[in-house]
Amino acid sequence: VLDGVIFSGNINEIDVSTIESVSILKDASTLASYGTRAANGVIMVTTKKGELGKPVINFSPNLTLSTIGYKPQMRSPEGYKELMNRRSGLAPDADPIWMSELERNNYNTKDYTDWMDYVTRTGVTQNYSLSFSGATNNSNYYLSFNHWDEKGIYQGDNFKRNTLNIKVSTKVNKSIEIGANANITYNGSEGVRPSYGSAVTMSPFGEPELKNGNMRKYPDGKEVTTVNPLWNTYNGVDSNSKGSSQVLGGYLNIKFPFLEGLSYKITGTYSRRSNESTYFTHENNYPEITLGDEGYTTDVYKQHLIDTNGSLNMSTTDNWVLDNILTYTKNFGRNYVNATLVYTRDETVTDSRGVTGSDFT
């Protein structure tokens with residue numbers, strides 16, 4: 001529940017720099033107010049607002065570097081050879097006849113590859129927040145913009161987000177207060193993350209690159225399942241996902257002067273969220289390993305236009321929520337009464353569609 005209204009979006013849409021407080025509610029009155037969706041409790045998120053005094057401009061730049069927090073303890077190259085010898089029914093120190101010519105060459109020259117280092121990198125996150133806020137005795141305003149750009153610790157893991165927040169309120173008189181808010185978010189991720197499973201099982205005697213510097217699809221020199229963990233990340237596969245959300249809301253709060261303690265608040269929110277994901281596999285994802293280095297040429301790739309394929313998926317969700325809350329609070333000597341009547345209407349409509357294509361010969 002964001003600023004008192006049920007939030008139907010994704011947590012990624014909320015700029016954390018605008019959050020004032022977060023609390024968890026699990027009492028019976030919470031369930032009564034928010035219905036079956038509150039069966040396990042409610043996460044109440046309250047965002048910042050302006051403070052009384054002069055207008056405040058705040059700019060917060062942040063740059064973060066990150067590295068992988070855990071690396072599995074891998075066998076040494078010699079330990080890997082002994083393991084594979086046993087699996088092949090050989091003595092631990094026997095000649096590794098299971099090796100391909102490429103692996104044997106690297107084994108003899110001690111040219112080893114650390115595949116976990118190969119698929120990871122130093123992550124870089126840039127986070128910039130700009131806000132403008134203030135308040136008077138009768139009005140309050142808070143405007144903020146946030147830009148988030150993250151390159152993850154795995155190759156091909158990239159995410160960007162831009163968020164704009166506007167929150168204003170004013171007291172018309174002693175009895176009436178009105179407010180409005182807007183939240184606009186655009187985010188997108190691109191790239192194909194490497195195969196972690198391949199990275200932790202790949203032969204240390206494999207070779208990730210050809211002699212000409214291009215990436216090798218099968219590092220161990222065998223056309224089986226040992227695909228280079230970065231192959232799809234940088235060779236012929238495009239994967240993109242982008243989304244946007246627009247949330248508009250407002251409220252009217254009335255304190256009835258004819259009956260002290262009685263108030264009525266109506267809150268309305270409309271949101272539209274759109275998502276689009278695209279995936280395409282190009283012909284240069286299909287080299288001919290039997291041709292050696294010559295299997296990675298344009299002429300070879302053209303023969304695989306029949307294998308190209310792609311997909312496009314789109315969805316749009318429109319949602320509105322209307323909350324009516326009537327509250328009566330009164331002290332009668334040593335007695336206290338608090339009564340709340342809540343009536344909520346909401347609707348969600350989703351439109352989704354997908355398109356696929358293949359064979360672009």
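The buried residues of helix 2 pack against helix 3, which spans residues 101-109. Helix 2 covers residues 77-87, and its buried residues are Gly-79, Tyr-80, Lys-81, Met-84 and Asn-85. Here, buried means under 20% relative accessible area, exposed means over 50%, and partly exposed lies in between, with a 1.4 Å probe and protein chains only. Helices (H or I, at least four residues) and strands (E, at least two) are DSSP runs, numbered from the N terminus. Just after helix 2, Gly-89 takes a positive phi of about 80°.

The model is a predicted one, in which local features need pLDDT of at least 70 and side-chain atom pairs count only at pLDDT 80 or more, while totals for chains, interfaces and linings use all residues. Residues are numbered from 1 along each chain as its sequence is written, and side-chain values use heavy atoms, with hydrogens and water left out.

The chain holds seven helices and 11 strands. Its radius of gyration is 30 Å, whereas a compact globule of 361 residues would have one near 21 Å; the radius is taken over C-alpha atoms, and the globule rule is 2.2 Å times the number of residues to the power 0.38. Along the principal axes, the C-alpha atoms fill a box of roughly 95 × 50 × 40 Å. Of the 361 residues, 32% count as buried. Among contacts in the chain with a separation of 6 or more, 68% come from residues 24 or more positions apart, where contact means heavy atoms within 4.5 Å. The accessible surface comes to about 21600 Å², and carbon and sulfur atoms hold 53% of this surface; such areas come from the Shrake-Rupley method with a 1.4 Å probe, and for residues only the protein chains shown count as cover.

Two strands are said to pair if DSSP finds at least two bridges between them. Strand 4 and strand 5 (residues 139-151) run antiparallel and are joined by 12 bridges, with a hairpin of three residues connecting them. Within this pairing, Ser-131 has Ser-144 of strand 5 as its bridge partner. Strand 5 in turn pairs with strand 6 in the antiparallel sense, over 13 bridges. Leu-143 finds its bridge partner in Ile-166 of strand 6. Six residues lie between strand 5 and strand 6 in their hairpin, and Gly-156 in the turn has a positive phi of about 80°.

Thr-125 lies in strand 4, which covers residues 123-135. Thr-125 is buried, because its relative accessible area is 11%. Beyond its neighbours within four places in sequence, Thr-125 is in contact with Asn-62, Leu-63, Thr-64, Trp-148, Asp-149 and Glu-150. Asn-140 is found in strand 5, and its relative accessible area of 14% means that Asn-140 is buried. Apart from its neighbours within four places in sequence, Asn-140 touches Lys-49, Gly-50, Gly-134, Ala-135, Lys-167, Val-168 and Ser-169. Asn-140 and Leu-52 are 88 residues apart along the chain, yet their C-alpha atoms are separated by 8.1 Å.

Most residues other than glycine have a negative phi. Lys-110, however, has a positive phi of about 60° although it is not a glycine. Lys-110 sits in the loop between helix 3 and helix 4 (115-119), and Lys-110 counts as exposed because its relative accessibility is 60%. Asp-359, also a residue other than glycine, has a positive phi near 60°. Asp-359 belongs to the segment after strand 11 (335-358), and with 40% relative accessibility Asp-359 counts as partly exposed.
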